[in-house]
Amino acid sequence: MNEFYNKLKYFEETEKKPAEIYYHYTSLDALYSIVKSHTFRLMSLKSSNDRTELYYKPENFVSDISRLCEVEEDENTKKYYGLLKSSLESHKDKLWKDLKAKQQPYALCLSTKKDNLTHWDRYANNCTGVAIGLNVKALDVLYSRTATYGFALGLFDFGQALYTPKSIDNCIKYEMIRGFEWLKHLNETSGEKDLNKTFEKSGYLFMGAACRNVMKFAKTQSFFDEDEFRIYFDPNNIKETLHLIDSGKGQLEEELFNNIRRHFVELVDSLGIGKEDFAITKSGIRGYHSLCFDEIWGSGVIPEIVLGPMCVQNKRELQRFLKQNGLEGTKVTVSSVPIR
């Protein structure tokens, strides 16, 4: 598909995918590599220079749920929280086994801030680098062009970092409200008259989902000023999605099943996420998975690039480089941070 169909305007007006842009601060060398290869890197979180990364554990979740139950003032909500907590405790062994299964977390770390001195200094080669504006909705465009019937949605998790106890509480509450609506619907469709029994039987599933989301996005308050937005990836997601697709083999027409599976495998291959590679960084040798946008490369993927406050890159020459590499519509701006 040519560049016209991969421009931001086409994504928004024709494919009805409004942009959602976050910024990746990095060096000029890294920008060159990203543009030439159409590829970002999802870095291993286990080798992050943040020693508290992935600190949130299932035990923390149990403690938070107990506290939320105790302080809740609305009696109906308190009762609902209690039912979910009871379900969690009844299925604790099974849930804990799943939650403590070996995780392989990788992420592309972005920020909501497009011109922030802390980020320039910390991640953009001492203010000499760039901030790449990445439209995360470009992945939705790719999914919509791929006949995987929604299965691709399980590949990545997207979300803001949770820096404070309050933000973690809000995340848990949000998941619990979603759980309540789902369990209520399940109760109505199953014919079960006792809602409490449905909560007891299946409530722990949403408790597990809430715990996983907090584990993926929780960070300490020390990094509060970063306003991180994270694209989170676990290679296990590929295996789990393939298992889910395969479970429908006998229920779908053979041709449809084969097409869905083939298109999903082709999508994984085109994104380049199936294989771990390694790179030398300031934190040592680190593992990563590629996130390649080759299939939809254009200004719809990278609508904007901001030059750092001490970046020496010539703006016009950068624009020529971008145009030659499929980013003709990408806007180039200069930081307004007053240091030179």
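**Exercise 1. Cysteine pairing**

Determine how many disulfides the structure holds, a disulfide being a pair of cysteine sulfur atoms within 2.5 Å.

*Solution.* The structure holds zero disulfides. Take Cys-109 to begin: the nearest cysteine sulfur belongs to Cys-171 and lies 17 Å away, and Cys-109 is in no disulfide. Cys-171 is likewise in no disulfide; for this residue the nearest cysteine sulfur is that of Cys-211, at 10 Å.

The model is predicted: local features need pLDDT of at least 70, side-chain atom pairs count only at pLDDT 80 or more, and totals for chains, interfaces and linings use all residues. Residues are numbered from 1 along each chain as its sequence is written, and side-chain values use heavy atoms, with hydrogens and water left out.

**Exercise 2. The surroundings of Cys-69**

Locate Cys-69 in the fold and state which residues it touches, contact meaning heavy atoms within 4.5 Å.

*Solution.* Begin with the secondary structure, in which helices (H or I, at least four residues) and strands (E, at least two) are DSSP runs numbered from the N terminus. Cys-69 belongs to helix H3, which covers residues 58–71. Its relative accessible area is 10%, so Cys-69 is buried. Leaving aside residues up to four places away in sequence, Cys-69 touches Lys-78, Tyr-81, Gly-82 and Lys-85. Asn-236, by contrast, is 167 residues from Cys-69 in sequence, and their C-alpha atoms are 33 Å apart.

**Exercise 3. The chain as a whole**

What is the radius of gyration of the chain, and what value does the globule rule give for 340 residues?

*Solution.* The chain contains twelve helices and ten strands. Its radius of gyration is 22 Å, close to the 20 Å from the globule rule, so the chain is as compact as a globular protein of that length. The radius is taken over C-alpha atoms, and the rule is 2.2 Å times the number of residues to the power 0.38. Along the principal axes, the C-alpha atoms fill a box of roughly 70 × 50 × 40 Å. Buried residues account for 48% of the 340 residues. Finally, of the contacts between residues at least 6 apart in sequence, 80% join residues at least 24 apart.

Conventions:
Buried < 20%, exposed > 50% of the residue type's maximum accessible area, 1.4 Å probe, protein only.
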